[in-house]
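Here is a short briefing on side-chain contacts and surface patches. Keep the structure open while you read.

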Amino acid sequence: MPSYYNFIIVLVVLMLINSLVVPGLSEKKITDTDYGTFIEKVDKGKVKQVKMDEGKIYYSALNDSNEEQTYQTGAVDDPDLVNRLLASESPNENGKIEFTKTIPRQNSPIISFLLMWVLPGLIFFWIFRSGSKMIQGRMGGGENVMSFGKSNAKIYAESEIKTTFADVAGQDEAKESLNEIVDFLHNPQRYASIGANLPKGALLVGPPGTGKTLIARAVAGEAKVPFFAISGSEFVQMFVGVGAAKVRDLFKQAKEKAPCIIFIDEIDTIGKKRDSRMGGNDEREQTLNQLLTEMDGFNGQTGVVILAATNRPESLDSALLRPGRFDRRIQMELPDLEGRKAILNVHLKKVKHENINLDLVARATSGASGAELANIVNEAALRAVRLGKDSVTTVDLEESVEVVIAGAQKKGKVISDEEKKIIAYHEIGHAIVAAKQKNTAPVHKITIIPRTSGALGYTMQVDSGDQNLMSREELLNRIATLTGGRAAEEIICNTVTTGASNDIEQATKMARAMVTRYGMSEEFDMMALETVNNAYLGGDSTLTCSPEISAAIDREVLKMIKDAHEKASQIIRDNLDKIHELTDYLLQKETITGDEFMAILNKK
Ligand code: ADP
Ligand code: MG
Ligand code: ZN
């Protein structure tokens, strides 16, 4: 039954009550008059009908323009009134005033009590309930079983989760930690008999797309227990108290189904630090308080394990992290080279493929998360279908890596020959500066085919292994490589273009980090000048120094970039012949591999 149905019934009942209270003539507009006017109208023979009620007299009479109108006046103790009415004339056909008196209802005190106090209460309750039902229905509650103090949505436990640890590649440390939980869920008695309490909760922490949600499901799949999954945002409702009720409900259901797993995804939505800043957020704080209470409310042997995931651990309220709550923290990291190979393998199992050079693809995707790798494999499969092939090859994967990094090829874009030449010199400039320095990643590919991301060309460098540390020299070389494109434009084309904007941004960021965070400048030694917020989400940073130091930082950064630019320019000037040769080749081919590039460069 749609919930607005209730609402309509309430309205109808209200209308009925209204018409009971104002008897008879209620449909018409009623004008107030005094008793004198009433008597005057009676005497003048204008009155047609009189209805005497308790304390009130309603009458209809002709007004000054001879139209019938309804009036009311307060009843006065007037024993003469009946005689006067009988004696007076009236515009009625029989010349008599019609008059009646309502019989006073002698309600029993109980009934009047019910009518006065209980009925309005019930009606309000009804209105409120159907009102909130309507709103919640619209907010996506769907079929709901709301009543006071209960949440509207049924939280269903998934009982047969197919995901297992085999679907989660890499992340061995995380799996190891979680294995204990799996074991506990398999045979809680064993832990209980020794008196060991398992951690009630484990918090999965890491950058987006590293498989936090995935591994939580895998724990349930491994343990073969019901899985209550809910996202933090689902608790935050419009009405204060609903989120808290939902938490209560969730734990109640979970305890009935124990052993089981409760998984709260994106817990930072409700678990943010409570602060005293203006207003606060009552609903969120109540929900959080309820969660804390519930976590304290069962002992570690109940068989309910709570997993939660977040990519903003630093924003969580410390009460959540204290022992007895989420006291176990499981770190999910971006995969390293081996991890990326493993993840690619897991996802390649789902598509037909042949002769994949896994190593090459894994090296080209340094810094990619599990979710991005899954996406790359899927893009490759889509490309294979588009090209009418029946299995995925390395080329498909390489192309889809580029699609994910730089967007799809934009073949239709018209670029003049003059511009094309500048773009080619720019890219060769990057490549040659990279190749002529030591300690730089080898050039993997150079292309001047524009991409949908706006890149008109790019030079891809791929590290040969996994790099955990970067030295000062390597960073400076990288900055020099970034300035190489612009340096080639200046020296060879005698111009500067907007094509270097991304290079400039990256070079500046890198130089800044060297000064403010890595302690790689002479002037500031090992002083931290910046703190990073939200390390897992892009990592914006805040300066923590005086304005004077801030200005000095800028000077230091500028000096670093200028030196790098000068170094790159020198390399360009020293290799002009090779650059012309390589650019001609690139213009002709549009895309060249690192090997082709090195062959020409090293040719005597
Ligand atoms: P998170 O919750 O950390 O943001 P998800 O668990 O939602 O990330 O991961 C999204 C998708 O990425 C998964 O469904 C899976 O396909 C893929 N993925 C991420 N990490 C891994 C991994 N370690 N092994 C296999 N697939 C992964
Ligand atoms: Mg997630
Ligand atoms: Zn560039």
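The points below cover salt bridges, aromatic pairs and surface patches.

The model is predicted. The salt bridges number 23. The aromatic pairs number five. The surface carries a patch of negative charge and a nonpolar patch.

**Salt bridges**

- Arg 328 and Glu 180 join through their side chains in a salt bridge, at 3.1 Å from N to O. Arg 328 belongs to strand S10 and Glu 180 to helix H5 (residues 172-186), so this pair ties together parts 148 residues apart in sequence.
- Arg 328 is partly exposed, at 22% relative accessible area. Glu 180 is also partly exposed, with 34% relative accessibility.
- Asp 183 and Arg 190 form another salt bridge, with 3.6 Å between N and O. Asp 183 has a relative accessible area of 26%, so it counts as partly exposed.
- Lys 389 pairs with Asp 396, and their closest N and O atoms are 2.9 Å apart. Lys 389 is partly exposed at 32% relative accessibility. Asp 396 has a relative accessible area of 0%; buried means under 20%, so Asp 396 is buried.
- A network of salt bridges links Glu 338, Lys 341, Asp 359 and Arg 363.

**Aromatic pairs**

- Phe 38 and Tyr 59 make a tilted pair, with 4.6 Å between centres and 45° between planes. Phe 38 sits in helix H2 (residues 35-43) and Tyr 59 in strand S3 (residues 56-62), so the pair ties together parts that are 21 residues apart in sequence. Both Phe 38 and Tyr 59 are buried.
- Phe 184 and Tyr 191 pair edge-to-face, at 5.2 Å centre to centre and 85° between the planes. Both of these residues, Phe 184 and Tyr 191, are buried.
- Tyr 35, Phe 38, Tyr 59 and Tyr 71 are linked by ring pairs into a cluster.

**Surface patches**

- The patch of negative charge consists of Asp 172, Glu 173, Glu 176 and Asp 336.
- Asp 336 lies in the loop between strand S10 (328-331) and helix H13 (337-348). Its relative accessible area is 43%, so Asp 336 is partly exposed.
- The nonpolar patch includes Ile 110, Ile 111, Phe 113 and Trp 117. Together, the residues of this patch have about 1000 Å² of accessible area.
- Phe 113, one of the residues in the nonpolar patch, is part of helix H4 (residues 109-141). Phe 113 is partly exposed, with 49% relative accessibility.

Key: Residues are numbered from 1 along each chain as its sequence is written. Chains are lettered from A and ligands numbered from 1 in the order in which they are written. This is a predicted model: local features need pLDDT of at least 70, side-chain atom pairs count only at pLDDT 80 or more; totals for chains, interfaces and linings use all residues. Side-chain values use heavy atoms; hydrogens and water are left out. Patches are made of residues with over 30% relative accessible area and no salt bridge: like charges are joined within 9 Å, nonpolar side chains (Val, Leu, Ile, Met, Phe, Trp, Tyr) within 5 Å. Accessible areas come from the Shrake-Rupley method with a 1.4 Å probe; for residues, only the protein chains shown count as cover. A salt bridge is a side-chain nitrogen of Lys or Arg within 4 Å of a carboxyl oxygen of Asp or Glu. Lys and Arg count as positive and Asp and Glu as negative; His and the chain ends are not counted. The place of a charge is taken as NZ of Lys, CZ of Arg, CG of Asp or CD of Glu. Helices (H or I, at least four residues) and strands (E, at least two) are DSSP runs, numbered from the N terminus. Buried means under 20% relative accessible area, exposed over 50%, partly exposed in between (1.4 Å probe, protein chains only). Rings of Phe, Tyr and Trp (its six-membered ring) pair if their centres lie within 6.5 Å; planes under 30 degrees apart count as stacked, over 60 as edge-to-face and the rest as tilted.
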